[in-house]
Amino acid sequence: MLTLNRDKIPNSQIILVFCLGVFGILSTELGMMGIIPVVSENFHVSISDAGWSVSVFALVITFCAPIVPLLCANFNPKKLMLICLLVFVFSSFASAFVNEFWQLLIFRIIPAFFHPIYIALVLSMVANLVEDKKEVPKATAKIFTAVSAGMVLGVPMTSYFGGNFSFEVAMLFFCILNCLSFIATLLFVPDFKRVNSVKITKQLLILRYPLLWISILCVICINAGIWGFYSYFSDFLYSVAKMNFTFISVVLAIYGFSNIIGNYIAGKTLVKNAHFTLLLTPLLMIIIYILLFNFYDQIILVMFAFVLGILAGIMNNGTHFMINHPFPKAPDLSNGLFISVANIGLSSGTAICGMVISLSNTRFIIISTIFLLILGIMMILLRRRIEKMKLRF
């Protein structure tokens, strides 16, 4: 558990700095989605190969996220955050000057090791700032708002800089964001102290519960559906809807802005009726994707992007809720597992949609997205049955 001197540092200020840090890191991870066509053209690789600049980042997180936060549990949290942000600064700077695609992948892999450390620390800290544990979803929603901000500003701005200027400018944009986060953390975040930490061996006990494993499957399927499509959304807008990069940036910004609205809604609906929220949201997404497959006029796409953004914002919170909420006494492991499986979903969804593109064209990624969401709904229904057995840690 993390504690701090609340008399000196307002909680709202700490959360704001955390949001800035999450925004910088998530923009670096997800922003590449906005310039997949630019990466393809700049390094002379196919669109599906360019997608590896997104999925390789997620794959590294997948393997190290469950373990790394546990191994770092006894280190000074503020120093860990600063180290993580520095790595992101230097890797983004170096990425701007590489000449080969394999070099870019290396500088995408390095910061991915530090991603789960920072995110797990932030999620644990925010949960401990809340006195009424029933209100944790509302507090967590504020952090996921920073993820949405990465789409509101990070992804479309990356798309704008990369499409209208150069790949190098897009990478330097990541560098500047993480520099600002580093400075804010250094100046305004206090030194946290860990007290009453749950031992690693005790946290590992949650691995014996079926509810955890079905929750993991739920997150993988839902995230694969949401992020698999979003990874190639810019290419869908470019190659299928025939938009220019300026208009693509606008559509991505609308998607991200409505994602913030979704986070706000999730903070309320998950407290009131979590299961109904988790079940209804992917059902509505499937309906929108069916319509999107048949109608992709530019004006219609703007409306679809707005609705999909809201629904994705709700499910960003919902997937974290499914893994973290039942196991409050194992925050390090549950947060690490969430980061890992969320990125399994992201990388597998990106890989599946990339394969669909290579076999047909970008439009048909909607079919694979719908299939993945249907699997997710089936897992959510099964999870509900297991949850009623009340097997919790």
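A helix here is a DSSP run (H or I) of at least four residues, and helices are numbered from the N terminus. The views below show a predicted model.

View A. The structure holds two salt bridges. Side chains of opposite charge can pair when their charged atoms come close. In one of the salt bridges, Arg-383 is paired with Glu-387, and the closest N and O atoms are 3.6 Å apart. Arg-383 and Glu-387 are separated by about one helical turn because they stand four residues apart in helix H18, which covers residues 365-387. Arg-384 also forms a salt bridge with Glu-387, with 3.5 Å between the closest N and O atoms.

**View B. Cover of the residues in the salt-bridge network.** Which of the residues are buried, and which are partly exposed? The cut-off for buried is under 20% relative accessible area, and partly exposed lies between that and the exposed class, which is over 50%. Arg-383 has a relative accessibility of 3%, so Arg-383 counts as buried. Glu-387 is buried as well, because its relative accessible area is 14%. Arg-384 has 32% relative accessibility and therefore counts as partly exposed.

**View C. Packing of helix H12 against helix H17.** Two packed helices are described by the angle between their axes and the distance between the axes. Helix H12 spans residues 210-231 and helix H17 spans residues 331-359; the two pack at an angle of about 45°, and their axes are 6 Å apart. Are H12 and H17 roughly parallel, roughly perpendicular or oblique to each other? Angles under 35 degrees count as roughly parallel, and those from 65 to 115 as roughly perpendicular. H12 and H17 are therefore oblique to each other. Their crossing is right-handed.

**View D. A nonpolar surface patch that includes Leu-280.** The patch has an area of about 600 Å² and is made by Phe-276, Leu-280, Leu-283, Leu-284, Ile-287, Leu-291 and Phe-295. Leu-280 belongs to helix H15, which covers residues 274-294. Leu-280 counts as partly exposed because its relative accessibility is 32%.

View E. Helix H2, residues 36-43, is mostly covered, with six of its eight residues buried. The buried residues in H2 are Ile-36, Pro-37, Val-38, Val-39, Ser-40 and Phe-43. After H2 comes His-44, which has a positive phi near 60°. His-44 sits in the loop between H2 and helix H3 (47-50). Is His-44 buried or exposed? His-44 has 72% relative accessibility, so His-44 counts as exposed.

**View F. Lys-242, another residue with a positive phi.** The phi of Lys-242 is near 60°, which is a positive value in a residue other than glycine. Where is Lys-242 found? Lys-242 is in the loop between helix H13 (233-240) and helix H14 (245-272). Because its relative accessible area is 61%, Lys-242 is exposed.

**View G. Val-68 and Ile-117.** Val-68 is part of helix H5, residues 68-71. With a relative accessible area of 17%, Val-68 is buried. Along the chain, 49 residues separate Val-68 from Ile-117, and 6.5 Å separate their C-alpha atoms.

**View H. Phe-257 and Ala-149.** Phe-257 lies in helix H14 and, at 49% relative accessibility, counts as partly exposed. How many residues apart in sequence are Phe-257 and Ala-149? They are 108 residues apart in sequence, and the distance in space is 7.2 Å from C-alpha to C-alpha.

**View I. Asp-49 and Phe-101.** Helix H3 contains Asp-49. Asp-49 has a relative accessibility of 36% and so counts as partly exposed. Asp-49 and Phe-101 are 52 residues apart in sequence, and their C-alpha atoms are 9.6 Å apart in space.

Note on methods:
Residues are numbered from 1 along each chain as its sequence is written. This is a predicted model: local features need pLDDT of at least 70, side-chain atom pairs count only at pLDDT 80 or more; totals for chains, interfaces and linings use all residues. Side-chain values use heavy atoms; hydrogens and water are left out. Patches are made of residues with over 30% relative accessible area and no salt bridge: like charges are joined within 9 Å, nonpolar side chains (Val, Leu, Ile, Met, Phe, Trp, Tyr) within 5 Å. Accessible areas come from the Shrake-Rupley method with a 1.4 Å probe; for residues, only the protein chains shown count as cover. A salt bridge is a side-chain nitrogen of Lys or Arg within 4 Å of a carboxyl oxygen of Asp or Glu. Buried means under 20% relative accessible area, exposed over 50%, partly exposed in between (1.4 Å probe, protein chains only). Axes are lines fitted to C-alpha atoms, for helices over the stretch in contact, and angles run from 0 to 180 degrees between N-to-C directions. Angles under 35 degrees count as roughly parallel, over 145 as roughly antiparallel, 65 to 115 as roughly perpendicular and the rest as oblique. A crossing is left-handed if the near helix is turned anticlockwise from the far one by less than a right angle, and right-handed if clockwise.
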